[in-house]
Amino acid sequence: RETAVRVNGALGRLDVRYREVLTLYHYNDRSYAEIGQILGLTLSSAKARYYRGLEELRPLLESKGEER
């Protein structure tokens, strides 16, 4: 439960471009192709945003809420 709260808080601090892709992938079980169609992105752009989003998310989760 604490982990879910931390993840949701960190997602809320991400740029919307990355939050959308990560949310669609992990919470809505969408494929990269589906995410691309939903957001009007190419497949490669959807994948790139996903991986950039993960790169942005990691330090937010590691900080344990110390940065606000």
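The model is predicted, so local features are reported only at pLDDT of at least 70 and side-chain atom pairs only at pLDDT 80 or more, while totals for chains, interfaces and linings use all residues. Residues are numbered from 1 along each chain as its sequence is written, and side-chain values use heavy atoms, with hydrogens and water left out.

The protein contains 4 helices and 0 strands, where helices (H or I, at least four residues) and strands (E, at least two) are DSSP runs numbered from the N terminus. Along the sequence, the pattern reads α-α-α-α. The C-alpha trace spans about 35 × 20 × 15 Å along its principal axes. Of the 68 residues, 26% count as buried; here buried means under 20% relative accessible area, exposed means over 50%, and partly exposed lies in between (1.4 Å probe, protein chains only).

The buried residues of α4 are A46, Y50, G53, L54, L57 and L60. Their cover includes α1 (2-13), α2 (16-26) and α3 (32-39).

Two of these packing arrangements can be described in detail. Helices α2 and α4 pack at an angle of about 100 degrees, with their axes 8 Å apart; axes are lines fitted to C-alpha atoms, for helices over the stretch in contact, and angles run from 0 to 180 degrees between N-to-C directions. That makes α2 roughly perpendicular to α4, on a scale where angles under 35 degrees count as roughly parallel, over 145 as roughly antiparallel, 65 to 115 as roughly perpendicular and the rest as oblique. From α2, the contact is made by R17, Y18, V21, L22, Y25 and H26, which meet A46, R49, Y50, R52, G53, L54, E56 and L57 of α4. For α3 and α4, the packing angle is again about 100 degrees and the axes are 8 Å apart, and these two helices are therefore roughly perpendicular to each other. On the α3 side the contact involves Y32, A33, I35 and G36, and on the α4 side L43, A46, K47, Y50 and Y51.

In soluble globular proteins, nonpolar side chains tend to be buried together. In this model, the largest nonpolar core has 15 residues, and those with the most contacts inside it are L11, L14, L22, I35, Y50 and L57. A nonpolar core is a set of buried Ala, Val, Leu, Ile, Met, Phe, Trp, Tyr and Cys residues joined through side-chain atoms within 4.5 Å. Each of α1, α2, α3 and α4 supplies at least two residues of this core, and the largest share, 5 residues, comes from α4. As for I35, its contacts beyond neighbours within four places in sequence are V21, L24, Y25, R30 and A46.

A further residue of interest in α3 is I38, which is partly exposed, with a relative accessible area of 45%. Not counting residues up to four places away in sequence, I38 touches L24 and R30. I38 and L24 are 14 residues apart in sequence and 9.3 Å apart in space, C-alpha to C-alpha.

The structure holds 1 salt bridge, a term for a side-chain nitrogen of Lys or Arg within 4 Å of a carboxyl oxygen of Asp or Glu. The side chains of D15 and R17 form this pair, at 3.1 Å from N to O. D15 counts as partly exposed at 36% relative accessibility, and R17 likewise at 38%.

Two loop residues complete the picture. D29 lies in the loop between α2 and α3; its phi is near 50 degrees, a positive value in a residue other than glycine. At 65% relative accessibility, D29 counts as exposed. G40, in the loop between α3 and α4, is also exposed, with a relative accessible area of 67%. G40 and V7 are 33 residues apart in sequence and 26 Å apart in space, C-alpha to C-alpha.

Definitions and conventions. Contact = heavy atoms within 4.5 Å.
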